[in-house]
Amino acid sequence: AIAIVSILLAHSGVKYFIFNLRSFDVPLMAFCLGISYYYSSKNVSYLRYVKKRIKRLLLPTILFLIILFSVFYMIDFFLNTPYHFDAHYIIHSFYMETSYGYGWIMRTFFLVSLSLPILYKLSEKASQLSSILLIFLGLVVFQCLLIYLEKAIPNDFQYWYDQIIPLSFGYCPIAFLGLVAKKINTKNGMKASLIMLIGLII
């Protein structure tokens, strides 16, 4: 609930302190994705899980965009005013790009969810705090590598690479923490939080 309220605040025009305060909204949602997968989907086949994610994340977003653009079209038609959106904006909104509305958040959650079964397999191997931290930091390092590899991608594909790979995988370390949250007690949780914070800053 906190994450959802934070996302709403982020896109409601608030400024300064409140806007900066809610900056953990999307990472918190990624954390919740990990927790949700652990309790509800870890025993579901991958294909069935992907179908369920498509129905719950992508299809509602597409339906919302269709309704949004249709409603604005009818309003502008009856008011005899220029349509709010051009074809370029509409098409790229359905691609769920970062510069065209907020559909990118749902696309990112979908792509993160596709990695959760793999992250869950990793979490099963992490029984101690040290192994949890090692896997977490490994995921952070891998994210840095993905960002660095962008330079090797041909210019024509760099934009889409950045939109799909580093942007989405960047939330996977946080989702991993959601998967292992039950294994971390309060005492170890404080230590883990400090080490992870240092790792993310570095």
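Helices here (H or I, at least four residues) and strands (E, at least two) are DSSP runs, numbered from the N terminus.

Which residues of H7 are buried? They are Leu129, Ser131, Ile132, Leu133, Ile135, Phe136, Leu139, Val140, Gln143 and Leu146. Buried means under 20% relative accessible area, exposed means over 50%, and partly exposed is in between (1.4 Å probe, protein chains only).

## What you're looking at

This is a predicted model, where local features need pLDDT of at least 70 and side-chain atom pairs count only at pLDDT 80 or more, while totals for chains, interfaces and linings use all residues. Residues are numbered from 1 along each chain as its sequence is written, and side-chain values use heavy atoms, with hydrogens and water left out.

The protein chain has 11 helices and zero strands, so if you walk along the sequence you read α-α-α-α-α-α-α-α-α-α-α. Of its 202 residues, 37% are buried. The chain exposes about 12,800 Å², with carbon and sulfur atoms supplying 70% of that; accessible areas come from the Shrake-Rupley method with a 1.4 Å probe, and for residues only the protein chains shown count as cover. Take the contacts (heavy atoms within 4.5 Å) between residues at least 6 apart in sequence: 68% of them join residues at least 24 apart.

## Along helix H4

Helix H4 covers residues 46–79, and Thr61 is one of its residues. Is Thr61 buried or exposed? Thr61 counts as buried, because its relative accessibility is 10%. Setting aside neighbours within four places in sequence, Thr61 touches Met96, Gly103 and Met106.

Ile66 is also in H4, but at 42% relative accessibility this residue counts as partly exposed. Ile66 and Phe94 are 28 residues apart in sequence, yet their C-alpha atoms are 9.0 Å apart in space. Ile75, another H4 residue, is partly exposed too, at 40%.

Ile75 also belongs to a nonpolar surface patch of about 970 Å², along with Leu63, Ile67, Val71, Tyr73, Met74, Phe77, Phe78 and Leu79. Patches are made of residues with over 30% relative accessible area and no salt bridge: like charges are joined within 9 Å, nonpolar side chains (Val, Leu, Ile, Met, Phe, Trp, Tyr) within 5 Å. A salt bridge is a side-chain nitrogen of Lys or Arg within 4 Å of a carboxyl oxygen of Asp or Glu.

## Aromatic pairs

Now for the rings. Those of Phe, Tyr and Trp (its six-membered ring) pair if their centres lie within 6.5 Å; planes under 30 degrees apart count as stacked, over 60 as edge-to-face and the rest as tilted. How many aromatic pairs does a search of the whole structure find? The search finds 15. One of them is Phe72 with Phe85, edge-to-face at 5.4 Å centre to centre and 85° between the planes. Phe72 lies in H4 and Phe85 in the loop between H4 and helix H5 (87–94), so this pair ties together parts 13 residues apart in sequence. Phe72 is partly exposed, at 26%.

Tyr95 and Trp160 make another edge-to-face pair, 5.7 Å centre to centre with 80° between the planes. This pair links distant parts of the chain, 65 residues apart: Tyr95 sits in the loop between H5 and helix H6 (103–124), Trp160 in helix H8 (residues 155–164). Tyr95 is partly exposed at 45%, as is Trp160 at 33%.

There's also one aromatic cluster, formed by Phe69, Phe72, Tyr73, Phe77, Phe78, Tyr83, Phe85, Tyr89 and Phe94.
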